[in-house]
Amino acid sequence: ALYRGVGDDQEGVQNRLGCLFFITLNLAYSSALPSINLFASEKNIVIREQASGAYSTSAYYLSKLVAELPKLSSKFVFCTIVYWIVGFNPDPVRYVNFLLIIICECLSAQAVGMVMATGLPIGAALAFGPACITVFTLFGGIYLNMDSIPTGAGWIAYVDFIYYAFSALCANEFDDPDALFTCDGDGSRCLADGKAVLELYSFEDIRV
């Protein structure tokens with residue numbers, strides 16, 4: 001209800017960005033944290049079966065990946081409803097791109113959760129998981145401009161799945177010649193088109 005029917009004015013630009021980041025963050029938490037719990041309960045069994053030569057690590061991961069795919073259906077429903085209610089770019093190709101980006105983010109978040117569950121005790125993994133996502137959120141592109149990140153911390157963006165997902169969603173939404181927005185006419189800063197929005201967040205070089 002908060003983002004329903006966003007307009008093509010400056011408030012609409014802000015609401016689109018806010019909604020895209022909220023979707024990115026919501027899917028990150030809802031994908032990473034459950035995978036920590038799930039894999040932690042299986043870890044001892046996997047270690048024992050691998051020691052006996054039953055299967056390789058890659059075989060287990062790929063089978064786990066395939067088994068988790070049907071669980072993405074609820075996220076598809078959520079994202080489809082949100083996409084059309086909010087009023088994102090109506091191009092069907094961009095809608096498909098939106099869903100593909102969501103799939104990639106969810107799978108990446110699940111992989112991060114499994115890495116934490118593999119290397120840490122369950123209690124530590126559950127504590128470290130939200131902290132890790134919080135750091136990724138800070139470098140996700142909306143709270144901190146990517147061009148202003150100190151040199152020593154710039155590498156975080158390259159391993160930050162939230163940054164990749166959010167920047168890709170923004171490029172998918174705004175990198176369009178038809179993405180034009182009205183200005184208030186009161187002398188305040190105006191983002192007249194999608195290109196200006198992407199440049200503001202240093203996403204102008206992002207391609208989907």
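Predicted model: local features only at pLDDT ≥ 70, side-chain atom pairs only at ≥ 80, totals over all residues.
Residues are numbered from 1 along each chain as its sequence is written, and side-chain values use heavy atoms, with hydrogens and water left out.

The protein has eight helices and zero strands. Helices (H or I, at least four residues) and strands (E, at least two) are DSSP runs, numbered from the N terminus. Taken along the principal axes, the C-alpha atoms fill a box of roughly 70 × 40 × 30 Å. Of the 208 residues, 41% are buried. A residue is called buried under 20% relative accessible area, exposed over 50%, and partly exposed in between, with a 1.4 Å probe and protein chains only.

Next come the charged contacts. The structure holds four salt bridges, each being a side-chain nitrogen of Lys or Arg within 4 Å of a carboxyl oxygen of Asp or Glu. R16 takes part in a network of salt bridges with D8 and E173. Between R16 and D8, the closest N and O atoms are 2.9 Å apart. The salt bridge of R16 with E173 has an N to O distance of 2.9 Å. This pair links distant parts of the chain, since R16 is in helix α1 (residues 10-51) and E173 is in helix α7, 157 residues apart. D8, at 46%, is partly exposed.

Another salt bridge joins K64 to E42, with 2.9 Å between the closest N and O atoms. K64 lies in helix α2 (residues 57-68) and E42 in helix α1, so the pair ties together parts that are 22 residues apart in sequence. K64 is buried, at 11% relative accessible area, whereas E42 is partly exposed, at 24%.

Rolling a probe the size of a water molecule over the atoms shows where empty space is left. On a 1 Å grid over the protein atoms alone, a cavity is a set of points where a 1.4 Å probe fits but cannot get out, and lining residues have an atom within 4 Å of a point. There is one cavity of 30 Å³ or more, and the largest cavity holds about 50 Å³ of space. Grid points are joined across faces, edges and corners, and the volume is the space filled by probe spheres set on the points. Helices α2 and α4 (92-119) each supply at least two residues of this lining. By class, the lining has five nonpolar, one polar and two charged residues; Ala, Val, Leu, Ile, Met, Phe, Trp, Tyr, Cys and Pro count as nonpolar, Asp, Glu, Lys and Arg as charged, and the others, Gly among them, as polar.

V159 is in the loop between α6 (155-158) and α7 (161-174), and counts as partly exposed because its relative accessibility is 48%.

Conventions: 1 Å grid on protein atoms, 1.4 Å probe; cavity = no way out; pocket = protein on both sides within 12 Å on 5 of 7 lines; lining within 4 Å.
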